[in-house]
Amino acid sequence: MHDSAFAFIAIICYHSVVMETTSQYIRSLIKWCILSLAVGAVSGLLGSAFHIGVSFATEFREGHPWMLYLLPVAGLAIVGIYQLFHMDGQNTNTVLEEVHSGNGLKPQLLPAIFLSTILTHLCGGSAGREGAALQMGGTIGYCYGKLARFDDKDLRTATMAGMAAFFAALFGTPLAAAVFAMSVISVGLVYYAALLPCLLSSLVAYGISVLIGVEPTRFTVSIPELQFLMLVKVGVLGALCGFVCVLFCRGIHFTEDFMEKLLPKLWMRPVVGGTLIVVLTLIVGTRDYNGAGMQVITAAVETGSVVPYAFLLKILFTAITLGGEFKGGEVVPSFFVGAAFGCAVGPLLGIPAGFAAAIGLVAVFCSAVNCPLASIFLAGELFGGGGILYFGLACMVSYVLSGYSGLYSSQKMIYSKVKAQYINISTRK
């Protein structure tokens, strides 16, 4: 009798625990679905507006070449905007630090980076747009989380969801955006608890951007049949891309530190940096290195045509632009550097130029952000899934050989790249 009573009580307790756990899962699912829809919708709308704004600024600059000469003035305006909103020193690292330690984000960052990035592109600074995407998206997610009174841990997840959504709205790569936001914070760890909000918010933002008319970034490339010899050649190209990435990241960080020491007054950096960009543009005799340079990336991938030293010039232009306090991002420049390098070096290895450019684009991006899984998904969304093994191999080799370099100094290397060892260090400048 006593045994039956104890068994009955045990069954009741078991079912109570199961029901409570199930209830928690359901509440969590509903909570993240609601937040993801809201964050995805706002990020999709603002991301589309941002994309249209940057595209308009680029077209206006190309139609009015004299805008380049206003770059130093635009730099001063950017410094003024950041001081007006009290956002001095705020950048993509600020968003990563929110996820790491819960430092918080200020809503003023959104208009500051929005306006400043458009000004950079309007006057010919060499920068991308994804840095702005991560900052604006992270701010949107964080603010929604605060509005919903989320605790510290959930605020960090909301921040990642916003990062993913804005990235997806700009590039049209929702799967890569979700995995990127989950893995860029800490190399060696993936925040799987953020998978649902990151992917759902990315899909919502992507859907809205498509409805508005923002075309997703896609490239047409001929991918060779899977062959052992071609795998070896792609592996060698991936290794070279790892070294190019180190040059790219170290060049940017060195220039930023050098200009900060050489020009301690904040307003001096955009004047000097902007003037240098103007002079360099006149010397090289082309505007290919101003702005994001998507036309060069497309030419490299789809036609296999680019000057051999284009990747070096893009590194130089980007380093001076970012060191001069102009805003934008480093990811699209990394696309440019990788595509131009692959296009130039690939034929020397016996790889078709366009395919080599695609490999270089993904491999340099992978080692720059230290996100191999996100990079493989990105390759699938940008180029199709036909050559996924080639892209995966190039990413793995480039990722390992780039060491602990990276674009974001707040990124944490939790585990070693060469063995299952806990290291927990910051990305090296």
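Arg156 is buried, with a relative accessibility of 13%. Here buried means under 20% relative accessible area, exposed means over 50%, and partly exposed lies in between (1.4 Å probe, protein chains only). The structure is a predicted model, in which local features need pLDDT of at least 70, side-chain atom pairs count only at pLDDT 80 or more, and totals for chains, interfaces and linings use all residues. Residues are numbered from 1 along each chain as its sequence is written, and side-chain values use heavy atoms, with hydrogens and water left out.

The side chain of Arg156 meets that of Asp152 in a salt bridge (2.6 Å, N to O). A salt bridge is a side-chain nitrogen of Lys or Arg within 4 Å of a carboxyl oxygen of Asp or Glu. Side chains of opposite charge can pair when their charged atoms come close. Asp152 is partly exposed, at 33% relative accessible area. Both residues belong to helix α6, and because they are 4 residues apart, about one helical turn separates them. An α-helix has 3.6 residues a turn, so residues three or four places apart point the same way. Helices (H or I, at least four residues) and strands (E, at least two) are DSSP runs, numbered from the N terminus.

The count of salt bridges comes to 4. Another of them joins the side chains of Asp154 and Lys31 (2.6 Å, N to O). This pair links distant parts of the chain: Asp154 lies in helix α6 (residues 152-171), Lys31 lies in helix α1 (residues 2-63), and 123 residues separate them. Asp154 is buried, with a relative accessible area of 17%. Lys31 is partly exposed, at 27% relative accessibility.

Lys327 also forms a salt bridge, with Glu325. Their closest N and O atoms are 3.9 Å apart. Salt bridges that share partners join Arg269, Glu325 and Lys327 into one network. Lys327 is buried, with a relative accessible area of 15%. Glu325 is partly exposed, at 21%.

Lys417 presents another case. This residue is buried yet has no salt bridge. The nearest side chain of opposite charge is that of Glu330, 16 Å away. For charge, Lys and Arg count as positive and Asp and Glu as negative, while His and the chain ends are not counted. The side chain of Lys417 does make a polar contact with the side chain of Asn370, at 2.7 Å. A polar contact is a pair of N or O atoms within 3.5 Å; within protein, one must be able to donate a hydrogen and the other to accept it, and residues adjacent in sequence count only if both atoms are side-chain atoms. A polar atom of the Lys417 side chain also lies 2.8 Å from the backbone oxygen of Tyr399. Contact in general means heavy atoms within 4.5 Å. Leaving aside neighbours within four places in sequence, Lys417 is in contact with Asn370, Tyr399, Val400, Ser402, Gly403 and Tyr404.

Lys417 is found in the loop between strands β2 and β3. These two strands form a hairpin with 6 residues between them. Strand β2 (residues 412-415) and strand β3 (residues 422-426) pair in the antiparallel sense. Their pairing runs over 3 bridges. Two strands pair if DSSP finds at least two bridges between them. Strand β1 (residues 186-187) runs parallel to β2, and 2 bridges join them. Met413 of β2 is the bridge partner of Val187. In β3, the bridge partner of Met413 is Ile425.

Asn370, the polar partner of Lys417, follows helix α14. The phi of Asn370 is positive, near 60 degrees. Helix α14 (residues 353-369) has 17 residues. At 1.5 Å a residue, the helix should span 24 Å, and its end C-alpha atoms are 24 Å apart, which agrees. The expected span is 1.5 Å times one less than the number of residues. In α14, 17 of the 17 residues are buried, so the helix is largely enclosed by the rest of the structure.

Met294 lies in helix α11 (residues 294-302). Met294 is partly exposed, at 24% relative accessibility. Leaving aside neighbours within four places in sequence, Met294 is in contact with Thr217, Phe219 and Val332.
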